[in-house]
Amino acid sequence: MQISLHINGSLRDVYVDPRTTLIDALRDHLGLTGTKKGCDHGQCGACTVLVDGRRINACLTLACMAQDSEVTTIEGLGTSDALSPLQTQFLNDDGFQCGFCTPGQICSATAMLGEMAAGWPSHASDSLSGPFLLSHAEIAERMSGNLCRCAAYSNIIEAIQNAAHAEGSSGDAP
Amino acid sequence: MKPFIYHRARTLQDMPDGATIIAGGTNLLDLMKHEVTTPGSLVDISHLDLNRIEPEGDGLRIGALVRNSDLAADPVIRRDYPVLSRALLAGASGQLRNMATTGGNLMQRTRCPYFYDLRTPCNKRAPGTGCAALGGIIRNHAIFGASADCIATYPGDMAVALSALDAEVEIAGPNPRRVRVADFHLLPGNTPHVETRLQPGEIITAVILPAPVKGEQRYRKVRDRASFAFALVSVAVVITMTDGRITRVALACGSVAAKPWRDPECEAALIGHAPSDALFEQAANLMLRAASGHVGPAFKIPLLRRTLIATLRDATGLEPAP
Ligand SMILES: Cc1cc2nc3c(=O)[nH]c(=O)nc-3n(C[C@H](O)[C@H](O)[C@H](O)COP(=O)(O)OP(=O)(O)OC[C@H]3O[C@@H](n4cnc5c(N)ncnc54)[C@H](O)[C@@H]3O)c2cc1C
Ligand code: SF4
Ligand code: FES
Ligand code: FES
């Protein structure tokens with residue numbers, strides 16, 4: 001079937017079998033290989049992209065279901081000349097080792113900071129009404145959908161905290 | 001994945017005969033990739049106008065397409081039905097909750113590993129073939145209401161809270177009606193492939209919450225790791241105390257049966273009493289009297305006992321025993 005996808009600000013036409021997941025459309029049909037495929041079953045978060053600003057697993061969405069939505073991938077968050085704050089901070093804080101999980105981590109963290117700013121609670125929050133601090137426990141819980149096989153977790157958490165502080169956004173590190 | 005025809009529904013009437021509903025896709029696509037489910041035709045309902053949370057009487061009407069993350073964060077849900085927020089936040093991941101819908105979450109299938117394994121018999125996946133879990137290596141299976149044909153659990157968190165809140169499922173189709181969440185899922189009997197009261201051709205349009213109940217609400221989930229794992233057992237409690245005595249209580253247990261498990265006798269035994277360890281022991285005895293553990297899941301019997309007592313102590317403010 002012929003579908004049109006809004007990706008990183010441009011409209012792309014692509015011909016896909018209805019079975020094509022969003023991750024396969026991005027990687028195999030559109031050459032956007034920044035987004036990674038780990039488990040293909042919603043368990044690892046490597047495929048995390050933003051759809052209408054919200055983080056989702058591109059492996060559990062059909063490409064045809066994403067028509068009429070705005071898809072943002074790691075390629076759309078920044079360029080090598082103009083990195084996003086999280087991209088910069090992942091570099092500064094060594095927020096990765098092999099780097100395979102990193103695009104997913106950064107897309108996920110980008111949306112996660114937005115969820116914090118919107119006042120969404122998490123399982124780690126003492127109170128459902130806040131305040132929600134960017135503590136280690138909160139970030140670990142909110143990022144639990146992104147696994148890192150290299151276990152760079154401590155630096156990932158630090159990078160997210162530092163990026164949030166640099167942005168002057170929500171919360172305080174303890 | 002087997003080939004299928006894709007259709008995006010524009011209205012509730014725009015449903016091709018025999019098509020399988022896809023909403024968030026997080027359970028259905030997973031099962032289709034494993035070829036556990038092989039629908040020939042999919043109807044994508046995600047663009048229907050069923051994504052609002054609005055007042056209904058003294059309660060709330062939650063559209064079937066409200067995403068789990070929006071429901072958990074909704075200010076009224078957080079204030080008046082915190083057990084529901086807590087149950088949702090304890091489930092899956094941030095990404096999955098952004099996709100998962102209220103209707104799809106209720107309809108999610110079991111996580112019995114043999115159900116996913118096409119090489120083994122499974123009465124739920126292929127009726128009449130047998131059950132590989134009985135006699136197989138099992139762990140996260142039922143301790144209540146299992147049958148000789150299936151011992152799988154309903155794995156979800158949200159429905160456990162909804163059951164304790166006495167919520168109802170609104171069903172559209174030739175026979176529109178409401179069914180209590182507590183009655184929505186079915187025990188396996190000799191038809192484990194029939195999991196809910198939803199009939200072919202029907203669709204869930206909403207979940208209805210009754211007026212909020214004064215008192216305390218808790219959701220406690222025990223799992224193998226601290227986050228992003230299905231429950232081994234979970235307990236939802238909605239409890240009201242008046243003058244130091246329990247005057248109203250609803251208790252639902254998750255991941256221990258093919259449905260969120262409630263026991264009216266256990267709940268009745270708490271009414272009129274002041275909270276005490278002896279009372280909660282007695283309640284746990286009542287709850288667990290119907291439990292029978294195959295060797296694998298038998299650990300859930302003491303685990304549920306402790307979780308139930310700890311949740312009741314927490315909800316009633318009883319100090320933990322030394
Ligand atoms: C890695 C992973 C971890 C998870 N962890 C948890 C967890 O800890 N706790 C938990 O509770 N859940 C967990 N889940 C399950 C998740 O919550 C469900 O997959 C999700 O809620 C299903 O909703 P959906 O909208 O994506 O459903 P879909 O996948 O779209 O549909 C699921 C089923 O519901 C039917 N359906 C959907 N909408 C309707 C409707 N309106 N009317 C009638 N039928 C309908 C579909 O036909 C299908 O059979 C996890 C899932 C994954 C992949
Ligand atoms: S327990 Fe139920 S789902 Fe699991 S193999 Fe047996 S019949 Fe299938
Ligand atoms: S590839 Fe999508 S979650 Fe692992
Ligand atoms: S950096 Fe290697 S998987 Fe995370």
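A: Let's start with a term for later: a crossing is right-handed if the near helix is turned clockwise from the far one by less than a right angle, and left-handed if anticlockwise. This is a predicted model, where local features need pLDDT of at least 70 and side-chain atom pairs count only at pLDDT 80 or more, while totals for chains, interfaces and linings use all residues. Residues count from 1 along each chain as written, chains are lettered from A and ligands numbered from 1 in written order, and side-chain values use heavy atoms, without hydrogens or water.

Our part is helix H11 of chain B, residues 277-288. (Helices, H or I with at least four residues, and strands, E with at least two, are DSSP runs numbered from the N terminus.) H11(B) has 12 residues, and from first C-alpha to last it reaches 16 Å, close to the 16 Å expected at 1.5 Å a residue (that's 1.5 Å times one less than the residue count).

Which residues of H11(B) are buried? They are Leu279(B), Phe280(B), Ala283(B), Ala284(B), Leu286(B), Met287(B) and Leu288(B) (buried is under 20% relative accessible area, exposed over 50%, partly exposed in between, with a 1.4 Å probe and protein chains only). Those buried residues pack against strand E11 (245-254), helix H10 (264-270) and helix H12 (300-316), again in chain B.

Let's zoom in on H12(B). The axes of H11(B) and H12(B) lie 9 Å apart, at an angle of about 140° (axes are lines fitted to C-alpha atoms, for helices over the stretch in contact, with angles from 0 to 180 degrees between N-to-C directions). That angle makes H11(B) oblique to H12(B) (under 35 degrees is roughly parallel, over 145 roughly antiparallel, 65 to 115 roughly perpendicular, the rest oblique). And here's our opening term: H11(B) and H12(B) cross in the right-handed way.

Who meets whom? On the H11(B) side you'll find Asp277(B), Phe280(B), Glu281(B), Ala284(B), Asn285(B), Met287(B) and Leu288(B). Facing them from H12(B) are residues including Ile301(B), Leu304(B), Arg305(B), Leu308(B) and Thr316(B). Phe280(B), Ala284(B), Met287(B) and Leu288(B) turn up both among the buried residues and among those meeting H12(B).

Thr153(B) sits in the loop between helices H7 (113-116) and H8 (158-164) of chain B, and Thr153(B) is buried, with a relative accessible area of 7%.

Note on methods
Contact means heavy atoms within 4.5 Å.
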